[in-house]
Amino acid sequence: MRVDYNMRSDIRGILLRSLDEISESGYSIGVGFDGVEPVFVHSTYAQRWVDRYVDQAYLLADPTIQFGLSSTGWVTWKELERLFPSSRTFFEDAANYGLVHGNTLAISADGRVSVLSCSGPEWSNEELRIARAALYALHALEYEPSNSITLTAPVKDVLRMMCNGCKDQEIAENLGVKLETVRARRRTAMQALEAKTSAQLISQVIKFGLI
């Protein structure tokens, strides 16, 4: 079942508020990176820093993004400065805007990367748990591979009956088509969803609300 617009907005708000609780002077989140372009961006940093970030074209030099596009896991900004020595100027500039220390968390799911950076002291185990849960949930909410998948009505008819537990022969009889046609439509759906088995196909169909 798809999440409708109002419910999506409510869930997003709850998740983003949970990040306010574990950040000191704001945070930034990018969901579903394709190269350096995420499908969803949200920042609560001061506008002065946002303007500075844009003016200096920091997107390509930002060590928090460099980390997310090359690794997964959690690091402090102090560790990032060690991992990316050329980022010293970036962090020195950020400190001038009140961003002295912070944490970065990167995850990879569904073939895309999502990155969260929060200003503040090193996270406790509980704060890391909150950050990880929020980031995974926002990734699932904002990045839906199904958005780019188009299935024809006849293919959806087959999938709908598969999800109801019908076998190929039963589907063919109910739809008034040949058995080979049912199997061809199933193959089309499997290719579109990159599913390897019928069970995986059904799981993907239900997960992304394709019928």
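**Strands first.** I looked up Thr104 and found that its bridge partner in β5 is Ser117. Strands here are DSSP runs of E with at least two residues, helices are runs of H or I with at least four, and both are numbered from the N terminus. Before going on, I note that this is a predicted model, where local features need pLDDT of at least 70, side-chain atom pairs count only at pLDDT 80 or more, and totals for chains, interfaces and linings use all residues. Residues are numbered from 1 along each chain as its sequence is written, and side-chain values use heavy atoms, with hydrogens and water left out.

Ala106 also has its bridge partner in β5, namely Val115. Taken as strands, β4 and β5 pair in the antiparallel sense over 8 bridges (two strands pair if DSSP finds at least two bridges between them).

**Other pairings.** On to β3 (residues 73–76), which pairs with β4 in the antiparallel sense over 4 bridges. Trp74 stands opposite Leu105 in β4. I then went to β1, which pairs with β5, again antiparallel, over 5 bridges. Phe33 stands opposite Val113 in β5.

How many residues of β4 are buried? I get 7 of its 8 (residues 102–109), so I call this strand mostly covered; buried means under 20% relative accessible area, exposed over 50%, partly exposed in between, with a 1.4 Å probe and protein chains only. For β5 the count is 8 of 8. In a regular strand the side chains alternate between the two faces of the sheet.

Thr64 is in helix α3. Buried or exposed? Thr64 counts as buried because its relative accessibility is 7%. Its side chain makes a polar contact with the side chain of Asp62 at 2.7 Å (a pair of N or O atoms within 3.5 Å; within protein, one must be able to donate a hydrogen and the other to accept it, and residues adjacent in sequence count only if both atoms are side-chain atoms). Leaving aside neighbours within four places in sequence, Thr64 is in contact (heavy atoms within 4.5 Å) with Trp77, Leu80, Thr104, Val115 and Ser117.

Thr44 is in the loop between β2 and α2. Thr44 counts as partly exposed, because its relative accessibility is 31%. With neighbours within four places in sequence set aside, its contacts are Asp20, Ser25, Gly26 and Tyr27. I also checked Ile29: 15 residues from Thr44 in sequence, 9.2 Å away C-alpha to C-alpha.

**Largest pocket.** What lines it? I find 24 residues, with Ser28, Tyr45, Tyr53, Asp62 and Ile65 nearest the centre. On a 1 Å grid over the protein atoms alone, a pocket is an open set of points where a 1.4 Å probe fits, with protein on both sides within 12 Å along at least five of seven lines; lining residues have an atom within 4 Å of a point. β1 gives the most to this lining, with 4 residues. The lining divides into 18 nonpolar, 5 polar and 1 charged (Ala, Val, Leu, Ile, Met, Phe, Trp, Tyr, Cys and Pro are nonpolar, Asp, Glu, Lys and Arg charged, the others, Gly among them, polar).
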